[in-house]
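Subject: Structure handover

Hello,

Here is the structure for you to open. Please have a look at it before reading my notes.

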Amino acid sequence: GIALPRAHGTCTKCPIEVTTERVEHDDPDFWECEVSLRIMFENGEELESPENIKVCKITTEQRSEMPDKIEEAQEQILEKSGDGK
């Protein structure tokens, strides 16, 4: 499974879309993830072409950092939308 950020008494801050794909690699335990934002609306208007912003890439050794990186991306999208703290 994919570890998502959790906090007591809260729900998901932003919609999350997960896309997976298999890739050939010499190491059978190899795992890689790219966390990015897809901005589809600005000022309440749907953008003609969504903006994709790469936040980070996570590898097998960093897998435990995934919830923190997803939370970082959520905070970035909330700040961009004006709903952040």
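This is a predicted model: local features need pLDDT of at least 70, side-chain atom pairs count only at pLDDT 80 or more; totals for chains, interfaces and linings use all residues.

Residues are numbered from 1 along each chain as its sequence is written, and side-chain values use heavy atoms, without hydrogens and water.

Layout. The protein chain has one helix and two strands. From the N terminus on, the order is β-β-α. Helices (H or I, at least four residues) and strands (E, at least two) are DSSP runs, numbered from the N terminus. Of the 85 residues, 18% are buried (under 20% relative accessible area; exposed is over 50%, partly exposed in between; 1.4 Å probe, protein chains only).

Strand β1 (residues 32–42) pairs with strand β2 (residues 45–59) in the antiparallel sense, over 10 bridges. Pairing requires at least two bridges found by DSSP. Valine 35 has cysteine 56 in β2 as its bridge partner. Two residues sit between the strands, and asparagine 43 in this hairpin takes a positive phi near 55 degrees.

Aspartate 29 is in the segment before β1. Aspartate 29 counts as exposed because its relative accessibility is 59%. Glutamate 61 lies in the loop between β2 and α1 (66–81). Glutamate 61 is exposed too, at 70% relative accessibility. Glutamate 61 and glutamate 32 are 29 residues apart in sequence, and 9.3 Å apart in space, C-alpha to C-alpha.

Best regards
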